[in-house]
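Good morning, and thank you for joining this meeting.

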Amino acid sequence: MCIRDSFDLEAWTRSSGRFEYFVDTARQSGVPVFGISLGIGPFASTRQHKDACRVLDRCGWLSFRDQISLDLYFEHGTGPAGIGVDPVLLMPQAFDRPENTSNRIAWNLVEPRLVGGLDDSKRQEILREHASAIKRLVLDGWSVVLFSTDRADEPFLEEVEAIVRSPKCRFRRISGLSSLLDVYSMVDIVVASRMHALIVAFTQGTPVIGLSWQQKVRAFFELIERADQCVSLLELDMKRLQELIGDAREDPKGFAIDETDRARLHGRPYDLVHIAA
């Protein structure tokens, strides 16, 4: 049995409860339990943090996808654990990147209500900021494809589309991996906040720019050694984002996976490195 992420953005939630029952049931049945490419935190309370680590301690071994998650685990956890690579990063490239640019950007946003601790006024501010950024891109000649890899984000993206009100900015519903790859094959740049929207785009050689709303987003860009390709979703630095889009347009290979990246990532797909007892 394999388990995945745990985080709590509100004091009343308990994410560890989602998998505690299954972990205990599996162990009682003699089924091995392990955690692969885990991301944990942030937590709104020490109790949530300790509960998550307590459940993880029942696993045979653990692999975390970033140093912050590993450090959070070792604050209260006692099992063997180390840094691993998200298996999605090993996805083969499904299409050849076109030689010519299309002046299209794919834009992915998480629903701000899911971030935790944000009121409606902050949500409206984020909505206006990103709609404004997209309007500027449209005026500069870009076409923008709004997309989501999580159904919970779709209403927010439809609100962005309604504010921009341009035939060059359209929301496209993603029905699966094939339709996601279709989007990535037609755009020059992906600007995204969801982890696997970023990871899949990166594996396909599409230039990526991150919109960080959780530690794991920034940690991903640190893992691929491109920490400067990420800006805050919540406190959008419009000037910096425009600079990154311009840089990605001028030097797309600098914002995309290369053979050195592939060799480094494939060299440690499921290993527990930096093992600590």
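Which side chain of opposite charge is nearest to Asp 188? This is a predicted model, in which local features need pLDDT of at least 70 and side-chain atom pairs count only at pLDDT 80 or more, while totals for chains, interfaces and linings use all residues. Residues are numbered from 1 along each chain as its sequence is written, and side-chain values use heavy atoms, with hydrogens and water left out.

The answer is Arg 97, at 5.1 Å. Asp 188 is buried, that is, under 20% relative accessible area with a 1.4 Å probe, protein chains only.

Asp 188 sits in the loop between α6 (177–186) and β10 (189–192). What does its side chain reach at 3.0 Å? That is the backbone nitrogen of Ser 102. A polar atom of the Asp 188 side chain also lies 2.7 Å from the backbone nitrogen of Asn 103. Beyond the neighbours within four places in sequence, residues in contact with Asp 188 (heavy atoms within 4.5 Å) include Trp 142, Thr 206 and Pro 207.

I turn now to the cavities. A cavity is a set of points on a 1 Å grid over the protein atoms alone where a 1.4 Å probe fits but cannot get out; lining residues have an atom within 4 Å of a point. There are 2 cavities of 30 Å³ or more. The largest cavity has a volume of about 60 Å³, and α8 gives the largest share of its lining, 4 residues.

Notes:
Helices (H or I, at least four residues) and strands (E, at least two) are DSSP runs, numbered from the N terminus. Buried means under 20% relative accessible area, exposed over 50%, partly exposed in between (1.4 Å probe, protein chains only). Lys and Arg count as positive and Asp and Glu as negative; His and the chain ends are not counted. A salt bridge is a side-chain nitrogen of Lys or Arg within 4 Å of a carboxyl oxygen of Asp or Glu. A polar contact is a pair of N or O atoms within 3.5 Å; within protein, one must be able to donate a hydrogen and the other to accept it, and residues adjacent in sequence count only if both atoms are side-chain atoms. On a 1 Å grid over the protein atoms alone, a cavity is a set of points where a 1.4 Å probe fits but cannot get out, and a pocket is an open set with protein on both sides within 12 Å along at least five of seven lines; lining residues have an atom within 4 Å of a point. Grid points are joined across faces, edges and corners, and a volume is the space filled by probe spheres set on the points.
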